[in-house]
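Hi everyone, thanks for coming. Have a look at the picture on the screen, and then I'll walk you through it.

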Amino acid sequence: MLAGTAGSAVNSGKVLDCAGRKLDLAMPRVMGILNVTPDSFSDGGNFLAVDNALAHARRMVADGASIVDVGGESTRPGAASVSIAEEIGRVVPVIETLCAELPVIISVDTSRPDVMAAAVAAGAGMINDVRALQNDDALAAAADSGAAVCLMHMQGDPRTMQNDPQYGDVVGDVLAFLKHRVAVCVDAGIARDRLVIDPGFGFGKTLAHNLQLLKRLELFHELQLPILVGMSRKSMIGSVLDKEVGDRLVGGIACAVLALWQGASVIRTHDVRETVEAVRMCHAVVAGGF
Ligand code: 9MG
């Protein structure tokens, strides 16, 4: 059995300020992943990419996503980097359209201050930064924006992060990093009700590190902030189950349930419909208090 606060209604009372819009986290929420990258197999250029992205976002919201996380640059090892102008050109038209028509929080997945500012001006209510606002000027851009911020832990950078990552004590080290970044954000004027923390599964971690972080996720409540997790389709699932990326749904749901049982507030996923069902089932048990 899981120890400590696992299974208790640890989310009650948490409301996230997303640039003035409030997201109640008493019920855990699902964040759908929306990658806006040009479709290299079409000659329709960026139009087809935007149309596909919009259709996918509408589907995820119909399936129960409360947040849509829009990203214009991949953080996968080996992914080509894009210019700031290109990243803005990819995400801003999508964010504008989604904010105009969908009753959910739109998040921007970026580490670049100019992209953060442009995305929030276009209506985004949340900044999801895998570099926890450590890039030059990112802290000020996020503070000025009024948006909620997800601070994620990553060891190294996406190109090299999986080359033999090392920790003394992975849970303690990640927790200490996040504690420090939270203090830096609060000092910069970002109120705690705008902050979410994320241990960063798969970002500079071995399989053993990822499994330890998931097993001990409840320890992250020490920071008294909502916890976001993203394990959907990641290699930690592939390694345990020996499954290709398209066949990791069951493993992803199992990981989500373990995180929910320990009080995670937001699950970032590709598989919104199935994850929403898992969230509702877990919440019925946790909030029912049986
Ligand atoms: C962009 N991105 C990819 N994986 C992620 C994760 O686990 N958490 C967050 N916050 N962002 C992620």
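This is a predicted model: local features need pLDDT of at least 70, side-chain atom pairs count only at pLDDT 80 or more; totals for chains, interfaces and linings use all residues.

**Around the ligand**

So, let's start with the ligand: around it sit Asp109, Asn128, Val130, Cys150, Met152, Asp198, Phe203, Leu228, Gly230, Lys234 and Arg268.

Numbering runs from 1 along each chain as its sequence is written, and side-chain values use heavy atoms, with hydrogens and water left out.

By class, that shell has five nonpolar, two polar and four charged residues. Here Ala, Val, Leu, Ile, Met, Phe, Trp, Tyr, Cys and Pro are nonpolar, Asp, Glu, Lys and Arg are charged, and the others, Gly among them, are polar.

Which side chains have an N or O atom by a ligand nitrogen? For Asn128 the distance is 2.7 Å, and for Asp198 we get 2.6 Å. Arg268 has a polar side-chain atom 3.3 Å from a nitrogen atom of the ligand. On its own the ligand exposes 300 Å², and the protein buries 95% of that (Shrake-Rupley areas, 1.4 Å probe).

Okay, on to the strands. Strand S7 (148-152) and strand S9 (228-230) each give at least two residues to the shell. Strands here are DSSP runs of E, at least two residues, and helices are runs of H or I, at least four, numbered from the N terminus.

What order do the eight strands of the open sheet take? They go S8-S7-S6-S5-S4-S3-S10-S9, with parallel pairing; a pair needs at least two DSSP bridges. At the edges are strand S8 (195-198) and S9, each pairing on one side only.

Inside the sheet, S5 (residues 105-109) and S6 (residues 126-129) run parallel, joined by three bridges. Asp109 has Asn128 in S6 as its bridge partner, and both belong to the ligand's surroundings.

Finally, the whole protein chain has nine helices and ten strands.

Key. A residue is near a molecule or strand if one of its heavy atoms lies within 4 Å of it. A polar contact is a pair of N or O atoms within 3.5 Å; within protein, one must be able to donate a hydrogen and the other to accept it, and residues adjacent in sequence count only if both atoms are side-chain atoms.
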